[in-house]
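Student: I'm new to this one and would like a close look at a single part. Could you walk me through some of the charged pairs?

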Amino acid sequence: MKKAFITGITGQDGSYLSEFLLSKDYEIHGLIRRSSTFNTDRIDHLYKDAHDPNARMFLHYGDLSVSGQLTDLLYDIKPDEIYNLGAQSHVRVSFDMPEYTGDITGLGTLRLLEAIRKTGIKTRFYQASSSEMFGAAPPPQSESTPFQPQSPYAAAKVYSYYIVCNYREAYKIFASNGILFNHESPRRGETFVTRKITRAATRIKLGLQDKLFLGNLEAKRDWGFAGDYVEAMWMMLQQDRPDDYVIATGETHSVKEFVRRVFEKLDLDWQKYVAVDPRYFRPTEVDVLLGDAGKALNELGWKPRVGFDELIDIMIAADMEAAKKEKTLVEAGYSISDHQSA
Ligand code: NAP
Ligand code: G4F
């Protein structure tokens with residue numbers, strides 16, 4: 001049985017990757033942060049108590065800011081594969097917390113690579129690199145497009161990308177960068193734009209919300225489905241040699257188009273409900289992301305299965321279910337909070 005160590009296991013991608021690796025009979029070890037509220041919602045359905053003889057997922061408290069503990073965990077677990085998905089992953093928030101973002105999203109990667117080097121364990125390392133690194137570079141973006149980062153988050157990811165390349169060359173560590181374009185799902189954090197839109201539109205449909213405030217509607221993104229993208233991560237670590245790959249759909253759509261389509265599917269006129277609030281603008285924006293994933297298709301045999309329209313349908317269906325439950329609670333007299341930050 002292969003062992004995988006996953007940072008960011010409680011996040012969107014961590015949960016889909018865990019499902020995928022469990023289906024391939026892996027034993028999984030995940031790093032989780034201690035929190036005063038539960039932060040394991042996305043993986044609770046996969047978890048079995050460690051005393052259960054069938055348990056194959058084990059959670060370890062820790063943080064990407066603490067190097068000694070990462071070293072101890074890797075030495076004890078000796079994973080065959082490491083997936084570094086942990087990060088302060090919100091671009092807008094990275095302007096509010098640039099130092100923290102640099103520490104976790106940038107130096108966190110170095111801490112893991114150093115842990116591999118110091119323990120001398122034989123393992124394969126996946127780094128969650130991002131299309132944000134391309135920033136202002138004109139589309140389409142591929143593995144050969146020079147990075148032009150436009151945020152503290154993107155700059156931290158560029159650091160991680162290059163430190164992975166350096167440790168691969170200097171210490172012959174099997175380490176690969178997956179340069180993933182935006183990928184979404186019903187498990188997407190609620191302050192990322194797609195989920196913010198599907199959640200708000202379904203709540204508006206049921207009378208739970210009146211208005212949706214957004215930032216830049218003109219930005220364009222290459223949006224895919226997270227479930228498809230985690231398979232690409234695994235494929236990269238099954239190759240004969242480490243390398244870097246762009247993972248994308250090859251289609252781009254504006255935020256406005258995403259909004260319009262979601263509201264249309266719910267028979268709502270989006271212009272009646274959506275307002276622009278400059279508080280959601282970023283000091284520097286990434287205008288257009290459009291990925292060329294030709295190398296992943298040729299070398300990994302990877303291509304996306306879920307298209308733009310189906311992705312929207314999946315997200316609306318899940319958020320409509322959640323909104324119906326919420327409406328039942330409201331009708332029973334419970335009060336609900338309505339956060340629309342970031
Ligand atoms: P996400 O939902 O925001 O999950 C981030 C994960 O990182 C969570 O499990 C979070 O734990 C954990 N984390 C945050 N700070 C940490 C710390 N100090 N120590 C340890 N863990 C920490 O992100 P995602 O969408 O799954 O993305 C996964 C990775 O891919 C991230 O590195 C992201 O930057 C990158 N990426 C994402 C996309 C995308 O479109 N989704 C595209 C390209 C690259 P808590 O649950 O405790 O907060
Ligand atoms: O959904 P977003 O916050 O995602 P963004 O900034 O593209 O970053 C995501 O994808 C990256 C891959 O390229 C990841 F590396 C990163 O971790 C994250 O997962 O914003 C998408 C676009 C932006 O142009 C933003 O300005 O939507 C625009 N937008 C407009 N109104 C908004 C809003 N974004 C958010 N979060 N909230 C708004 O109200």
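Student: Which residues are linked with K265 in a network of salt bridges?

Tutor: Before we dig in, keep in mind that this is a predicted model. The network links K265 with E257, R261, D309 and D313. Let's zoom in on one of its pairs: K265 and D309 form a salt bridge, and their closest N and O atoms sit 3.3 Å apart. K265 belongs to helix 8 (residues 255–265) while D309 belongs to helix 11 (residues 308–331), so this pair ties together parts that are 44 residues apart in sequence. Both ends are partly exposed: K265 has a relative accessible area of 32%, and D309 has one of 34%. As for why such pairs turn up, side chains of opposite charge can pair when their charged atoms come close.

For a contrast, look at helix 4, which spans residues 98–119. Here E114 makes a salt bridge to R117, with the closest N and O atoms 2.6 Å apart. Those two are three residues apart in the helix, so about one helical turn separates them. E114 also meets K118 in a salt bridge, at 3.8 Å from N to O. That pair is four residues apart in helix 4, again about one helical turn.

Conventions. Residues are numbered from 1 along each chain as its sequence is written. Chains are lettered from A and ligands numbered from 1 in the order in which they are written. This is a predicted model: local features need pLDDT of at least 70, side-chain atom pairs count only at pLDDT 80 or more; totals for chains, interfaces and linings use all residues. Side-chain values use heavy atoms; hydrogens and water are left out. A salt bridge is a side-chain nitrogen of Lys or Arg within 4 Å of a carboxyl oxygen of Asp or Glu. Buried means under 20% relative accessible area, exposed over 50%, partly exposed in between (1.4 Å probe, protein chains only).
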